[in-house]
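Hi,

Here is the structure I promised to pass on.

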Amino acid sequence: MKKLALLLAAVGMVSAVAYAAPELTVTSIGQEIESENTSNGADLDEVTLYNRVGLAYGDWTFGLEAGKRWAINFDDTKDVHSINHRLQIDVWKKINEDLKLGFRYRGQREYDRYYARWDWNHGLLWSAGDVWYEANNESGVVGISAADYIKGEVYPIGFKYGTFKVGYFVEFHELVGSKEAEQKENYLEQQIRAYWTFYKGEKLTLSTEGRFTITADEDHNGKVAAGYRVYDDFGRNRLYIKANYAVNENLSVYGSYGYEMRDWKMEDGHKDDYTKKYWQDVIVGWSYKF
């Protein structure tokens, strides 16, 4: 009910602005299907359908997203079931030619997140980031703690030249409030991420992305009885290949494939069960810009 009320409030806000200001316009609509799969999971661990709408009002831009997620196992045709949903609202404000600031709300079954965001570009340099408060719901989801966290995914600094850019990336989690035995108190992962558009034709654009973990560490409140694992140093490496095809000046179709290899570091006597050693991601979608 909380998420439904939030959605209705958001629609009401957009409607009110539209009534008072005819300049509010729909800038884009689109849909996307994403399939994520890890080893030793269902045939398709997560299949998510996203529906998106973009709007603009002067220097303000808005995004609305609704998603539905399923798990699918082809070994048993009856083993298709819904496992999650998503409601997301984005707001961005252009501050100057270099800087945008934003807010995001994301709600799923297991949490509600409230983001502060930025995107800065100046000459050869850039920086971007999301920092959010994650209110975890006591939903009984296996493996999901009910504790709240402050989390972030931040590019403190990056460099770009032509169609290539690279950035230093940091992901962090910090526990808020409760401090139970064995509870994860914090997490820190450092990566180098690189992006390159290596082909741009009249209609087709091809690009690639690489994510390379340097270190990953986490701390718990006391020794964890069953142990735990984190990514080993240089033990998480992901590559994407992406394609975008402009059907006409308004409509584009796109797709991407991502593959990640993982090596684990065992802590507190945890034994490697050799599961989830790789990850794959397939995305196909379309976007229509007005």
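Of the 290 residues in the protein chain, 39% are buried (buried means under 20% relative accessible area, exposed over 50%, and partly exposed in between, with a 1.4 Å probe and protein chains only). Before you go further: this is a predicted model, where local features need pLDDT of at least 70, side-chain atom pairs count only at pLDDT 80 or more, and totals for chains, interfaces and linings use all residues. Residues are numbered from 1 along each chain as its sequence is written, and side-chain values use heavy atoms, with hydrogens and water left out.

The accessible surface of the chain is about 16,300 Å², and carbon and sulfur atoms account for 60% of that (Shrake-Rupley method, 1.4 Å probe; for residues, only the protein chains shown count as cover). Take the contacts (heavy atoms within 4.5 Å) between residues at least 6 apart in sequence: 52% of them join residues at least 24 apart.

Now for some strands. E9 (residues 164–176) and E10 (residues 184–200) run antiparallel, joined by 11 bridges; two strands count as paired if DSSP finds at least two bridges between them. Lysine 184 sits opposite histidine 220 of E11.

What makes up the largest nonpolar core? It consists of five residues: Trp126, Ala128, Tyr155, Phe169 and Tyr195. (Such a core is a set of buried Ala, Val, Leu, Ile, Met, Phe, Trp, Tyr and Cys residues joined through side-chain atoms within 4.5 Å.) Beyond its neighbours within four places in sequence, alanine 128 is in contact with Trp118, Asp119, Val154 and Tyr155.

Finally, have a look at aspartate 90, in strand E4 (residues 80–94). Is it buried or exposed? Aspartate 90 counts as buried because its relative accessible area is 13%. Its side chain makes polar contacts with the side chains of arginine 104, at 2.6 Å, and glutamine 88, at 3.4 Å. (A polar contact is a pair of N or O atoms within 3.5 Å; within protein, one must be able to donate a hydrogen and the other to accept it, and residues adjacent in sequence count only if both atoms are side-chain atoms.)

Cheers

Conventions:
Helix = DSSP H or I, 4+ residues; strand = E, 2+ residues; numbered from the N terminus.
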